[in-house]
Every structure is written in C-alpha cells, then in structure tokens.
Amino acid sequence: MYYGGIKKFDVADGPGVRVTLFVSGCTHHCEGCFQPETWDFHYGKPFTEETEEELLAALAGERIRGFTLLGGEPFEPENQRTLVPFLRKIKERFPKKDIWAYTGFLLLPDGAGGFIFGDRERNAIPQTEVTAEMLSMIDTLVDGEFVLAKRNLMLRFRGSENQRLIDLKASLAKGDVVLLESKDR
C-alpha cells in the first residue's frame, strides 16, 4: 500500500486533534474530489514499518484524541489488508483513542446482522477476508461518495449532503445503520 500524506495535528477530519493518514488508491473517481492524485494506487510513498512507527509516535501525544483514515479509499481491498494489522496496533496501544474512517462506499446491512459495502446503486461490492475486522475497529464511519452537486461547505466532517456520519459501534451492535447523533455533526 502507498499513502499520499500524513497530518499529525488535524482538526478537520473528526472531533478534536487527530492524526490522519491519507491512503492511495481509489476507484470512485468522484467529480470534484479534493485529492484526485490519490486515485493512483502508487501515489506518494510506500506504507512501511517506519511509517507505522511514525504514526504511532504521533498518536502518543496527550492532546491527540484519535486517528482518521482518508484517501484515496481505505476500503479498497488492497488497502484493507495492510490497514487491518496497523489498526490492531492502534487499538492495542491506544484503546481510549477513537478511529474514524472515510469511504466512498455505502455501508449496507446484509440482512444477517452484519454489513456489506455497496456502490451508488446500492449494489454489493466485493468484500475481503478482513472487511468485518476492519469495521469492528472503527468507531465512526463517514460513508458515501463525494457528490459535487450536493456539496455543502456548512457540513462538519463531510463534503456533500449524501454522506453519512455513522456510529459504527452502535450499528454493529444493532445490525442496522445508526447515524451519529452529536453536536459535532
């Protein structure tokens, strides 16, 4: 996996001060994307053990509330397989810090108490062997492609009105999508 950037003091992509990783690779190609260079799966630098240690060191700061994954697309299959072991490390070292993730896919109940990802037409897309584990480690998921016609600069933590702020822990417990109810919306 490659990544396009790291922010060690981000206040735009989730509540509080956060460490943010912008992964590379995205097949959505949303019109008006703020980082189209990250569509390329080889944009930026390789994600290495040194990159992981740099991020973990940044997360150790007392003022850091949590970690955010952006893209590109963190849920592209190639990215999931690299991110899951890293997210495990975050959860082990910093169990009180929250994890947010952004995805252009839609989170859809699978009818059996779990979830699948879908596209704009709500068609299921391929899942990987680590998708469920990745979802289990994320506290808040912002889902849905950026839609230029629905762009709204007044929204907090998202760019277009179709995107949802999902309380993923509550959603997994209920087996249905639970929107985040917060003054941070």
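The dialogue below goes through the sheet, a helix, a hairpin, ring pairs, cysteines and backbone angles of a predicted model.

Q: In what order do the strands of the open sheet stand?
A: Helices (H or I, at least four residues) and strands (E, at least two) are DSSP runs, numbered from the N terminus. Two strands pair if DSSP finds at least two bridges between them. Here 7 strands form an open sheet with mixed pairing, and the order is E3-E1-E2-E4-E5-E8-E9. Strand E3 (45–46) and strand E9 (164–167) are at the edges; each has a single partner strand, so one side of each lacks a neighbour in the sheet.

Q: How many bridges join E2 to E4?
A: Strand E2 (residues 17–23) and strand E4 (residues 64–70) run parallel and are joined by 6 bridges. Leu21 has Leu69 in E4 as its bridge partner.

Q: Which helices lie on these strands, and at what angles?
A: Contact means heavy atoms within 4.5 Å. Axes are lines fitted to C-alpha atoms, for helices over the stretch in contact, and angles run from 0 to 180 degrees between N-to-C directions. Helix H1 (residues 49–59) lies across strand E1 (2–10), E2, E3 and E4, and runs at about 15° to E1. Helix H2 (residues 77–93) packs on the sheet and touches E2, E4 and strand E5 (98–102), its direction making about 175° with that of E4.

Q: Which residues of H1 are buried?
A: Buried means under 20% relative accessible area, exposed over 50%, and partly exposed in between (1.4 Å probe, protein chains only). In H1 the buried residues are Thr51, Glu52, Leu55, Leu56, Ala58 and Leu59. They are on the same side of H1 because they cover an arc of only 160° around the axis, the arc being that of the directions from the helix axis to the C-beta atoms. E1, E2, E3, E4 and H2 are among the elements that cover these residues. Exposed residues Glu49, Glu50 and Ala57 are carried on the face of H1 turned away from its buried side.

Q: How do E6 and E7 pair?
A: Strand E6 (residues 106–109) and E7 are antiparallel, with 4 bridges. Leu107 stands opposite Phe117 in E7. The hairpin has 5 residues between the strands, and Gly111 in this hairpin takes a positive phi near 85°.

Q: Where is Ile116, and what does Ile116 contact beyond its neighbours within four places in sequence?
A: Ile116 is in strand E7 (residues 115–118) and is partly exposed, with a relative accessible area of 25%. Leaving aside those neighbours, Ile116 is in contact with Leu106, Leu107, Leu108, Asp110, Ala124 and Gln127.

Q: How many aromatic pairs are there?
A: Rings of Phe, Tyr and Trp (its six-membered ring) pair if their centres lie within 6.5 Å; planes under 30 degrees apart count as stacked, over 60 as edge-to-face and the rest as tilted. By this rule there are 6 aromatic pairs. Tyr3 and Phe47 form an edge-to-face pair, 6.3 Å centre to centre with 85° between the planes. This pair links Tyr3 in strand E1 with Phe47 in the loop between E3 and H1, 44 residues apart. Both Tyr3 and Phe47 are buried. Phe75 and Phe117 form a tilted pair, at 4.7 Å centre to centre and 55° between the planes. Ring pairs also link Tyr3, Phe47, Phe67 and Phe86 into a cluster.

Q: How many disulfides does the count give?
A: A disulfide is a covalent bond between the sulfur atoms of two cysteines. The criterion is a pair of cysteine sulfur atoms within 2.5 Å, and the count is 0 disulfides. Cys30 is in no disulfide, its nearest cysteine sulfur being that of Cys26, 6.1 Å away. Cys33 is in no disulfide either, and its nearest cysteine sulfur, that of Cys30, is 6.3 Å away.

Q: Which peptide bond is cis?
A: The bond joining Gly71 and Gly72 is cis, with omega about 15°. Gly72 is in the loop between E4 and H2.

Note on methods:
Residues numbered from 1 in each chain as written. Predicted model: local features only at pLDDT ≥ 70, side-chain atom pairs only at ≥ 80, totals over all residues. Heavy atoms only, no water.
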